[in-house]
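Have the viewer ready as you read.

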Amino acid sequence: GAVATLRPNEGRFGGAVAVEEGTENLAEPLTMSGWSSSNSYAILTPTDVKYEFLVTAKNDISPSGAFTWKSGIPPGVYSVSCLIKGVGSTVGKQVKWQSGNNPVVGTPVTLSHQYQKLSAVITLETTGAVGPNIPEGFFEGESLLLKNMQLEQKPFATSFVDGSREDGILA
């Protein structure tokens, strides 16, 4: 099975082309190794579903703070994505990606009972960090679910992969 990424405006006459993209997922989605949650703020607990984590606020997290983050990312352009859904009182709250003072291009989503894709493109001028944020606050005892975390050194997101995938030709 080929994994295709649709690239708009790159085909003939401004149409789209489908390509199989090689990529490496730097997020370590099975264990979330390297993602911090500063246990004083939030706890990431693996569920029985592969690549899925329950995130529970241990203390109130300020509107400017990420509830988990990956730091030490070298300069470059990255896409970051995951599937995310609200649990209980987080349903209806907005979530977005953030990266300190670095440019982030992405659309926030409003948490619901269904998984939604949260994605963004981040440009790091210096070594930095990235993480999801709830601008209206993530308060003690609140929870949400996230899965299929992906961080790629690309200016666009590809389909989820655990590890890496070589470039290929669509048959």
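Accessible areas here come from the Shrake-Rupley method with a 1.4 Å probe, and for residues only the protein chains shown count as cover. On that basis the chain exposes about 8,600 Å², with carbon and sulfur atoms supplying 52% of it. This is a predicted model, where local features need pLDDT of at least 70 and side-chain atom pairs count only at pLDDT 80 or more, while totals for chains, interfaces and linings use all residues. Residues are numbered from 1 along each chain as its sequence is written, and side-chain values use heavy atoms, leaving out hydrogens and water.

The chain holds one helix and 15 strands, taken as DSSP runs numbered from the N terminus (helices are H or I, at least four residues; strands are E, at least two). Five of the strands form an open antiparallel sheet, in the order β4-β7-β13-β9-β11; two strands count as paired if DSSP finds at least two bridges between them. β4 (35-36) and β11 (109-110) are at the edges with a single partner strand each, so one side of each has no neighbour in the sheet.

Follow the sheet across from β4. Two bridges pair β4 with β7 (residues 69-73), and Trp35 stands opposite Lys70 there. β7 is in turn joined to β13 by two bridges, with Ile73 partnered by Gly128. Three bridges then link β13 (residues 128-133) to β9 (residues 94-98), where Gln98 has Gly131 as its bridge partner.

Now look inside. Buried residues, meaning those under 20% relative accessible area (1.4 Å probe, protein chains only), make up 40% of the 171 residues. The largest nonpolar core has 29 residues; such a core is a set of buried Ala, Val, Leu, Ile, Met, Phe, Trp, Tyr and Cys residues joined through side-chain atoms within 4.5 Å. Those with the most contacts inside this core are Phe67, Ile84, Trp97, Leu144 and Leu146. The elements giving two or more residues to the core include β8 (76-87) and β14 (143-152).

Which residues does Trp97 touch, not counting residues up to four places away in sequence? Among them are Trp35, Val80, Leu118, Val130 and Met149, a contact being heavy atoms within 4.5 Å. Across the chain, residues 24 or more positions apart account for 69% of the contacts with a separation of 6 or more.

Technical notes. Buried means under 20% relative accessible area, exposed over 50%, partly exposed in between (1.4 Å probe, protein chains only).
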